[in-house]
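Here is a protein model to explore by question and answer. Look at the structure first, then read on.

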Amino acid sequence: MNIVNMQNNNIGVLFDLDGVILDTEGIYTEFWNQIEGKFPTGVKDFSKVIKGCCLEDILNRYFPKENHAKIIEILNDFQKTMQYRYFPYAIEWVKTLYDAGIPMCIVTSSDQKKMDAVYEQHPEFRGYFKAVIVGEMVENAKPAPDCFLLGAKLLDIDIKNCYIFEDSINGLKAALASGGHVIALSTTNPESVLGDAKLIIPDFKDFTIEKMLKS
C-alpha cells in the first residue's frame, strides 16, 4: 500500500488535545483539586471524574450558578500563564501526518481562550491542523460523539475513515460512539480501563502511519 498516494481524501485524524498532544493533565488535576477545595462539591476524586468534560458541563453539573463567574475568572487567569508542554514524540507524530498530507483536526473540550493561549506559546501549532474544535462549538460535550462527528465533517472525511487519538474515559466513550477507529494513549489512565479502544499505546515513540492504519 502506498500511503502517500492513498491519503488525501480517504482518511483523517482527530486528536484530543490535553493528555494526547499536550502534557497538561497533571496541571489541570492540581488546578481542579484547588477549585474543589475552595468550592466543595462532595464528589470523590473530582478531578478524575471531570476529565474530558467541557467547562460548561463541569460548572452546570457540579457548582451552583453563583460560583460560575468566579471559577471562570480563576481558570482564565490560570490558563494565561500555565505551560503548555508537548508530550515527547507528539509533535513529531503530528508533523509526520502533516508531511504525508493527511488532514487533521483538534477536538478538545477546552474553550477558545485556552486555545489562544496555546497558540501564543506555540505559534506553529495551528498551522498543522485543517480545523480546531473547542468546547463551545458543540451542543453535547463528551462523552457524546458530537465533537468527533463535527471534526470528520470539517475534514470532509467519513468518520469511519477517521483515526481518533484519546486518553480520557469520557473522550474514549465519545470516540467509540462516533464510529471512528479509536486509538487510546495510556498517558493519564492505566491500560486496564482503556480496553475498548482498537489499539492502546503509551506514547507516539516509534508509531507509524502503517501501524495506525492496521488498528
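Q: Which residues do ring pairs link into a cluster?
A: This is a predicted model, where local features need pLDDT of at least 70, side-chain atom pairs count only at pLDDT 80 or more, and totals for chains, interfaces and linings use all residues. Residues are numbered from 1 along each chain as its sequence is written, and side-chain values use heavy atoms, with hydrogens and water left out. Rings of Phe, Tyr and Trp (its six-membered ring) pair if their centres lie within 6.5 Å; planes under 30 degrees apart count as stacked, over 60 as edge-to-face and the rest as tilted. Ring pairs join up a cluster of Phe 15, Tyr 86, Trp 93, Phe 125, Phe 129, Phe 165, Phe 204 and Phe 207.

Q: How many aromatic pairs does a search of the whole structure find?
A: The search covers the whole structure. The number of aromatic pairs found is 19.

Q: What kind of aromatic pair do Phe 15 and Phe 204 form?
A: Their ring centres are 6.3 Å apart. The angle between the planes is 75°. That makes the pair edge-to-face.

Q: How many residues apart are Phe 15 and Phe 204?
A: Helices (H or I, at least four residues) and strands (E, at least two) are DSSP runs, numbered from the N terminus. Phe 15 is in strand β1 (residues 12–15). Phe 204 is in the loop between β6 (199–201) and α10 (209–214). The pair links distant parts of the chain, 189 residues apart.

Q: Why is the pair of Trp 93 and Phe 204 called stacked?
A: The ring centres of Trp 93 and Phe 204 are 6.0 Å apart. Trp 93 sits in helix α6 (residues 90–99), 111 residues from Phe 204. The planes of the two rings meet at 15°, so the pair is stacked.

Q: Is Trp 93 buried or exposed?
A: Buried means under 20% relative accessible area, exposed over 50%, partly exposed in between (1.4 Å probe, protein chains only). The relative accessible area of Trp 93 is 2%, so Trp 93 is buried.

Q: Which residue in β2 stands opposite Phe 15?
A: Two strands pair if DSSP finds at least two bridges between them. β1 and strand β2 (residues 104–107) pair in the parallel sense over 3 bridges. β1 also pairs with strand β4 (residues 162–166), in the parallel sense over 4 bridges. In β2, the residue opposite Phe 15 is Ile 106.

Q: Which residues of β1 are buried on each side?
A: Both faces of β1 are covered. Gly 12 and Leu 14 are buried on one side.

Q: Where does Phe 125 lie?
A: Contact means heavy atoms within 4.5 Å. Phe 125 touches residues including Leu 17, Tyr 86, Ile 106 and Tyr 119. With a relative accessible area of 0%, Phe 125 is buried. Its place is the loop between α7 (112–121) and β3 (131–133).

Q: Which side chain does a polar contact of 2.7 Å join to Gln 79?
A: A polar contact is a pair of N or O atoms within 3.5 Å; within protein, one must be able to donate a hydrogen and the other to accept it, and residues adjacent in sequence count only if both atoms are side-chain atoms. Gln 79 lies in helix α5 (residues 68–81). Gln 79 is buried at 5% relative accessible area. The 2.7 Å contact joins Gln 79 to the side chain of Tyr 28.

Q: How many disulfides does a search of the whole structure find?
A: A disulfide is a pair of cysteine sulfur atoms within 2.5 Å. The sulfur of Cys 53 has its closest cysteine sulfur in Cys 54, 7.2 Å away, so it is too far for a bond. For Cys 105, the closest is in Cys 162 at 8.8 Å, again too far for a bond. The number of disulfides found is 0.

Q: Is Asp 206 buried or exposed?
A: Asp 206 is in the loop between β6 and α10. Its phi is positive, about 65°, although Asp 206 is not a glycine. Its relative accessibility is 57%, so Asp 206 counts as exposed.

Note on methods. Lists of a residue's contacts leave out its neighbours within four places in sequence.
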